[in-house]
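Here are some notes for a colleague who is opening this entry for the first time. They are set out as numbered points, to be read with the structure in view.

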Amino acid sequence: MTDLSAAAPSKPPSQWAAIWRQFRSHKGAMFGLIVLSVLVLAVLIGPYFWHPEKLTVVEAIKQKNKGPALQFPLGTDQLGRDMLARMMAAGKVSLAVGFVAMIIAITFGTFIGVLAGYYKRLDGPLMRLTDMFLALPLIPLLLVMVMLFRDRVAGILGPEMGAFLLIVFAIGITSWMQAARIVRGEVLALKEREYVLAARSIGAAPRRIIIRHILPNVVSPVMVAATLGIAEAIITESVLSFLGLGFPPDFPTWGRLLYDGLSFMQIYPERVIWPGLAISLTVLSVNYIGDGLRDALDPRVRGR
Amino acid sequence: MKLRTALLGAACAFAFAPAAFAERGADGHVNVLYWQAPSTLNPYLSSGTKDVETASLVLEGLGGFNEKGEVIARLAESVPTVENGGVSADLTSITWKLKPGLLWSDGTPVTSADAKFTYDYCTHPEGGCAQAARYEGIASIETPDDLTVKITFVAAKPNPYQAFVGGTSPILQAVQFANCLGAAASTCTDQNFMPIGTGPFKVTEFKTNDTVTLAANENYRDPAKPAFATMTVKGGGDAEAAARAVMQTGEFDYAWNTQINPDLQAEMATGGKGVFLNGFGTLVERIEMNMTDPSADLPEGERSTVAHPHPILSDIKVRQALSMAIDRQILVDVGYGSAGRPTCNLVPAPEMFASANTDCIPHQMDAAKALLDEAGWTVGADGIREKDGKKLHLLYQTSVNPVRQDFQALVKDWWTELGVEVELKTVDASVFFGGDAGSPDTFQKFYADVEMYANNFDGTDPEPYLAQYMCDKIPGPANQWQGENINRFCDPAYDALVAEMAKTADVTMRADLAKKMNEMLTKDSYVVVPLVDRGRLSAASLTLGGVMLNTWDTEMWNAQDWFRVK
Amino acid sequence: MLTYTLRRLLLAIPTLLLISLVIFFLVDLAPGSPASEIPLTVPPDVRAKILESMGINQPVYVRYLLWLKQFFYVEPLNGIDALFGTSFADGMQRIISYQTRGPVFSLIGERIPQTLKVIGTAYLVGVLIAVPIGIYSAYRQYSWFDQAGTLLAMIGFSVPTFFSGTLLIIIFSVMLGWFPTKYDTTLVVTDWASFVKQIKQMTLPVMTLGLANAAAISRYMRSSMLENMGHDYVRTARAKGMSERTVVLKHVLRNSMIPVVTVIALGIPSIFGGAIITENLFGVNGIGSALIGAIHGNDLPMVQTLAFIFAILIVLFNLIADVLYGLLDPRIRYD
């Protein structure tokens, strides 16, 4: 650790290069990076290449529940809508919600956790706050938030952006507690370690101790929480939309497609396979990237 | 009610033959699934269908309704009519005679005092009786002897079959509920969960919102019935899981309200373990037009009130065009299959009250477009119609429900083709139907241009239902948004018809009035745009005999006739 | 440690009171009303009377104080009455649900057995599977076992229970016909046959939930083990010639338990909270389905009571986790 703090300011380029080299040597991480990039590209650029002709309702209904074919590579849904186009539109929303909500939850959770674990005076109040958030029934909380803020936020940012912000915020505010508890537990143990005591005894400021010595050592549980957080955010979004608290019903998301496909699972299994696969691939690739990043950032592993 | 399933007819045909020489309790156990589980067995404390229907296995009224919607006698010896003198000629009183020798399941005799007590119980001012509407307009109930119940009305009552008729107003045992009047009603947990009744079954165990265990009532009036010795009514899950438990795994004999998408209906029907039963009542899925301006620019308290007529929908041509652009048959095929049919009527049944109005069934997109052109809405550069610089933009809301969201998507497509910009919104059902005056999202507040939901009326008489559209029932801040005239429709001529119907006793004249009012709301004004006449869809095992779906009373109405097909 | 525990327990009282207040006002503020359960065919005046009789029109602070009295005074008295056959609570109004018009606590009493049986077993199964998998995956990082474990865990976590549960039903009940899809809450285990029946009906919900639980816990276990595996004390221990078994299971495991203990402790109250979707899917009808039903029906007394019991458990188990931290790592001091 001391090694890292001494090396970092003097020759940063070589350090980042070392990290990248280590990351590249991690097969799983590279696989994850490629899969995730493909997903993100497909979702962002895909719609420019794939735009099925607009059918009228009567025409579309005749095409309903089609299996994968040349005209509809992923088949059609119960109203004859092209699943590929819907999957791409849904992915944009789901990926954005998943990542942004996860980042909010993890940042906030880590922040609270570090403060509570490091400063004894803050531990009590902050952890009781965490207890309270854990105890609050989620659905009434979300209902109240939506009732209070939806129209106001929508008035400022428009219905879609408003819904996005509200959802991301709602998921973030209701899922930071686990990360906070985990980080606090780790910090409680870390701050009694010799190197932290040493840093303190030479008069390092708490801020510096936290950033230099504590945070790098809580990265691995935080990475796990982050990976799981993305999946949870994507699924929670579908629950929110399902309760009418999320996006307007004509906005598909992966979670929603999965939910809608559920009642057709027995007859048209592909209807749940596509969104399920997309969510799983996202989570899996983020997990591997997280593994690789952790190894790459850890000087002990890198040095090996 | 029409029965479409041929198999059901077959099931009915052999239903009665073996029952005649059956013995009580000979057929063992029957499993029934109400996926919305019963939370109480006192229908006076909860008006939920699940509660009323399960309670009807135990509690009965003097009369009930059969599958055709006709009044039948249950505890009464016969149905009183004007012809047999049971109903007075001026329609101000009705006299019921109990069958002699009736016993409660605890072995004590049923008397007219129990009926009188039930009336007192439900009309107690502090009781919060859920079925109080069934006892409205009653001046007094007299019990000249143990077997006679005479109900006197405040005014002539053209439809006297409300109190004590059907599963929603059964007779309670006076002795059991004696200490449960008024505010004490909800402290009587044992009574509410295990009422003593006269029905074919009695409760042996009640697990709230979960399982009701019942056993044959040994004092039931027909010594040969019921054929089943015990019954379990299980709750939990959803309609799909319920249908699967009957149709595919065969764990249950009967599942209530298995409304699932048509593709899945077809798939489940191949399971070979059960059949779907369907029947049509009065439930109509409709789009309601807001006649007032819901614009968010108006100050709170003036949004969606009669002070501001709707800037777009006040024009009948727009409303008509919106209705014509919808293809109702496609909606039925996508959402309901055999459990629905297109309709243009607000009152689709009973048959004598239903108008022969089918104008809206054909899909008339071109005519709809022409109508909008005529109304001055011209197609703008972006394909959206506009008039005097105002875009034809509509906010279309409904409750959260997969079928409704499919309907929203389809209707949006049609209206977009018509040149209307549609914004969709969904609201959680507990908020949408909650009626909370503090929430902007209730269907009564109607802070949207159009909204979609389903409604029906209780029993066979549409009068109170049609009376909802009177001018003085418009929801607004003055009545905490509690009115029933959701569209804010107001027509003095309509109000006059309602008043006339209240005075009319003759059945054919009542039917004519009802049809006329129905048409005023639908094809004459397009204020209410009916979409689908929604039937009931339940599932029964092939090994369960005697089942007959009844949409006018509870589905458990003839559970005493059920038996095991061997 | 003891004084710390006692201080925390005392502190828990004002915390819980504050939580109960927040929950009460939150649920009260939420849009929606128990009226949504009443069919539209019921006219508005009758509707208003029903709501009146529930006591819903009283000011919110009156209802809150009444609830406090009922929860901390009437219900404990009732508990004593039920245990000893006394009649202290006669004539006192218990907490009455809007939906069932019956006491909330008798419903909770009905629901506890199946919740503990099914959700508790699922949690136990999840932990028992997850911990060894996590340890072995970390010990043999990037082996085929680890890769397979990672894949399974990620699938387990990214696939919601409404999906995996339905899938299990279709495979094991509809196609193979091995297990029932509906849990029979009235089943009493008296002999071998009914025991087999009980095991059978528990299998599918336990599998569904156990998979989801195991997925998350095994990830935390693995990452924490990995983190510690590289530390110097491990090298020292190995250098001293300790067996791999002792090194991994004694030294590394103990130091890796802190995040895992946190996750498990956070999870235990959720056993009581039930698993809403799984319970609903299989008709287990435990606390979870009671809570979601109450929330949808705006059954305020029920939501409030359940949420509050849940809060008590969370506070309690977080305290237990904190005490365990101190036992696992004696360097952690709270005083």
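This is a predicted model: local features need pLDDT of at least 70, side-chain atom pairs count only at pLDDT 80 or more; totals for chains, interfaces and linings use all residues.

1. Is strand E11 of chain B mostly covered or mostly uncovered? The strand, which spans residues 274-289, is mostly covered, with 15 of its 16 residues counted as buried.

2. Elsewhere in chain B there is an open sheet of 3 strands, arranged in the order E13-E14-E15 with antiparallel pairing. Its edges are formed by strand E13 (378-379) and strand E15 (390-391) of chain B, each of which pairs on one side only. Strand E14 (residues 385-387) of chain B is joined to E15(B) over 2 bridges in the antiparallel sense, and Lys387(B) stands opposite Lys390(B) of E15(B).

3. Turning to the contact between chains C and A, 61 residues of chain C and 53 residues of chain A take part. The two chains bury about 5,400 Å² between them, and 68% of this area lies on carbon and sulfur atoms. On the chain C side, the residues that lose the most area to chain A are Phe162(C), Tyr220(C) and Arg331(C), which together account for 12% of what that side buries.

4. Which polar features link chain C and chain A? The count is 2 salt bridges, together with 5 residue pairs in polar contact, both residues of each pair being at pLDDT 80 or more. A salt bridge is formed by Asp322(C) and Arg184(A), whose closest N and O atoms are 2.7 Å apart.

5. Several helices of chain C each supply at least two residues to the side that touches chain A, among them helix H1 (2-29), helix H7 (192-229) and helix H9 (244-273). The most is given by H12(C), with 10 residues. Sorted by class, this side of chain C has 39 nonpolar, 13 polar and 9 charged residues.

How values were computed: Residues are numbered from 1 along each chain as its sequence is written. Chains are lettered from A and ligands numbered from 1 in the order in which they are written. Side-chain values use heavy atoms; hydrogens and water are left out. Contact means heavy atoms within 4.5 Å. Buried area is the accessible area (1.4 Å probe) that two parts lose on being put together, summed over both. A salt bridge is a side-chain nitrogen of Lys or Arg within 4 Å of a carboxyl oxygen of Asp or Glu. A polar contact is a pair of N or O atoms within 3.5 Å; within protein, one must be able to donate a hydrogen and the other to accept it, and residues adjacent in sequence count only if both atoms are side-chain atoms. Helices (H or I, at least four residues) and strands (E, at least two) are DSSP runs, numbered from the N terminus. Ala, Val, Leu, Ile, Met, Phe, Trp, Tyr, Cys and Pro count as nonpolar, Asp, Glu, Lys and Arg as charged, and the others, Gly among them, as polar. Buried means under 20% relative accessible area, exposed over 50%, partly exposed in between (1.4 Å probe, protein chains only). Two strands pair if DSSP finds at least two bridges between them.
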